[in-house]
Amino acid sequence: MDVRIKLNVAFTVSGSGLEDALAEFDELSVAGMLSEILDKAIACDEIQVDVVEGPNTLEEYDQQSG
């Protein structure tokens with residue numbers, strides 16, 4: 001039986017940590033990176049990740065920190 005789980009997660013990461021993580025997972029967005037992490041960790045189907053607050057890309061991060 002499939003189980004659907006919905007949750008909100010908040011975390012803080014340094015700018016350099018964000019850059020390193022996106023590079024490691026070869027992703028352009030935080031949403032894409034988290035999808036990859038979840039899929040590799042627990043083999044999820046139909047993963048949907050939405051960033052509701054904070055930058056989703058390095059470009060957005062640069063705009064906020066500049």
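The following paragraphs describe the overall fold of a predicted model and then its largest pocket. Local features require pLDDT of at least 70 and side-chain atom pairs count only at pLDDT 80 or more, whereas totals for chains, interfaces and linings use all residues. Residues are numbered from 1 along each chain as its sequence is written, and side-chain values use heavy atoms, with hydrogens and water left out.

The protein contains three helices and zero strands, in the order α-α-α from the N terminus; helices are DSSP runs of H or I of at least four residues, strands are runs of E of at least two, and both are numbered from the N terminus. Along the principal axes, the C-alpha atoms occupy a box of roughly 50 × 20 × 15 Å.

Of the 66 residues, 14% are buried (under 20% relative accessible area, with a 1.4 Å probe and protein chains only). The accessible surface amounts to about 5700 Å², and carbon and sulfur atoms account for 48% of that area (Shrake-Rupley method, 1.4 Å probe). Among contacts (heavy atoms within 4.5 Å) between residues at least 6 apart in sequence, 31% join residues at least 24 apart.

The largest pocket holds about 1500 Å³ of space. A pocket is an open set of points on a 1 Å grid where a 1.4 Å probe fits, with protein on both sides within 12 Å along at least five of seven lines; lining residues have an atom within 4 Å of a point. Its lining comprises 31 residues, with Leu7, Leu38, Gln48, Val49 and Asp50 nearest the centre. Helix α2 (residues 30-42) supplies the largest share of this lining, four residues. By class, the lining has 20 nonpolar, four polar and seven charged residues; Ala, Val, Leu, Ile, Met, Phe, Trp, Tyr, Cys and Pro count as nonpolar, Asp, Glu, Lys and Arg as charged, and the others, Gly among them, as polar.

Key:
Grid points are joined across faces, edges and corners, and a volume is the space filled by probe spheres set on the points. Buried means under 20% relative accessible area, exposed over 50%, partly exposed in between (1.4 Å probe, protein chains only).
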